[in-house]
Amino acid sequence: LGLRDKTALNTLTEFTQNALCVDKGGSLLITGEQGAGKTSAVIGVSRSIQEQSIHTPSYPVLLAVDSLSILTAHSHQCRSGSSILMDLFALAKVCSPSILLLDDVSNLIDTGYEELLVNLMKGLTLSSSSGRSGGHDSCGNRVFVVGSCLSSQSLRPDLSRYFLDKIVIPNPSSAQRSAIVQFLSRLPHSFPLWKKPDIEIISAE
């Protein structure tokens, strides 16, 4: 990607590739200041992995959603944010192998959805552990949940613990920040390797 610290990108790539191994899955919390490039890092790494596996059965789908949009959709629709959140995790399992990016996940804190998110994350973690130990309840569990926020301290411990790995994206230089903006601006709205769930559609189903 060439936008920032190579160590953080290499670590993100390694975590993502390992999580998408057969019946493994996993979770990651990626932190950094606003504008550090957390979202672009996940999109860039996902795109690279997708291009490498586009002709294989392990081709992953990236589902990216701004957590704030869950709350916004709830305020305009008859369905609850809880149902929307459960549907997102269900969609990630259906699309497995998949990467579910919950951008700005701290927006869900103190909204009444945190306990549900903890349970959804816990369910994936337990299933992933079952898959790693040779259990039989791991089918369709190649889901890698990535949450982004400013700091791990912005999440409560009972949620933070289910993000099994953590990466800090360092602040970019002015030139790197400009490159990040250019990278995101070049992504077409119908980018085929980046599926962004339509929250309005999900909430209306």
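Helices (H or I, at least four residues) and strands (E, at least two) were taken as DSSP runs, numbered from the N terminus. On this basis the protein comprises eight helices and five strands, arranged along the sequence as α-β-α-β-α-α-β-α-β-α-β-α-α. The model is predicted, so that local features require pLDDT of at least 70 and side-chain atom pairs count only at pLDDT 80 or more, whereas totals for chains, interfaces and linings use all residues. Residues are numbered from 1 along each chain as its sequence is written, and side-chain values use heavy atoms, with hydrogens and water left out.

Buried residues (under 20% relative accessible area with a 1.4 Å probe, protein chains only; exposed means over 50%, and partly exposed in between) make up 46% of the 205 residues. The accessible surface, from the Shrake-Rupley method with a 1.4 Å probe, comes to about 9,900 Å², of which 53% belongs to carbon and sulfur atoms. Of the contacts (heavy atoms within 4.5 Å) with a separation of 6 or more, 82% join residues 24 or more positions apart.

Strand 4 (residues 143–149) is mostly covered, as seven of its seven residues are buried. The side chains of V143, V145, G147 and C149 point one way, and those of F144, V146 and S148 the other way. Two strands are considered paired if DSSP finds at least two bridges between them. Strand 4 pairs in the parallel sense with strand 1 (residues 26–31) over six bridges, with L29 opposite G147. Strand 3 (residues 98–103) also runs parallel to strand 4, to which five bridges join it; here L100 has V145 as its bridge partner.

Within strand 4, V146 is buried, with a relative accessible area of 1%. Residues up to four places away in sequence aside, V146 touches L28, I30, V42, I99, L100, L101, L102 and F163. The C-alpha atoms of V146 and D165, 19 residues apart in sequence, are 9.5 Å apart in space.

The contacts of L85, not counting residues up to four places away in sequence, are I70, L108, Y113, L116, L117 and L120.

Helix 2 (residues 38–52) has 15 residues and should span 21 Å at 1.5 Å a residue, the expected span being 1.5 Å times one less than the number of residues. Its end C-alpha atoms are 22 Å apart, which agrees. The buried residues of helix 2 include V42, I43 and V45. In the loop between strand 1 and helix 2 lies E33, whose contacts beyond four places in sequence are K38, L150 and N171.

In helix 3 (residues 67–76), S67 is buried, with a relative accessible area of 0%. Neighbours within four places aside, S67 touches L102, D103, D104, V105, N107 and L108.
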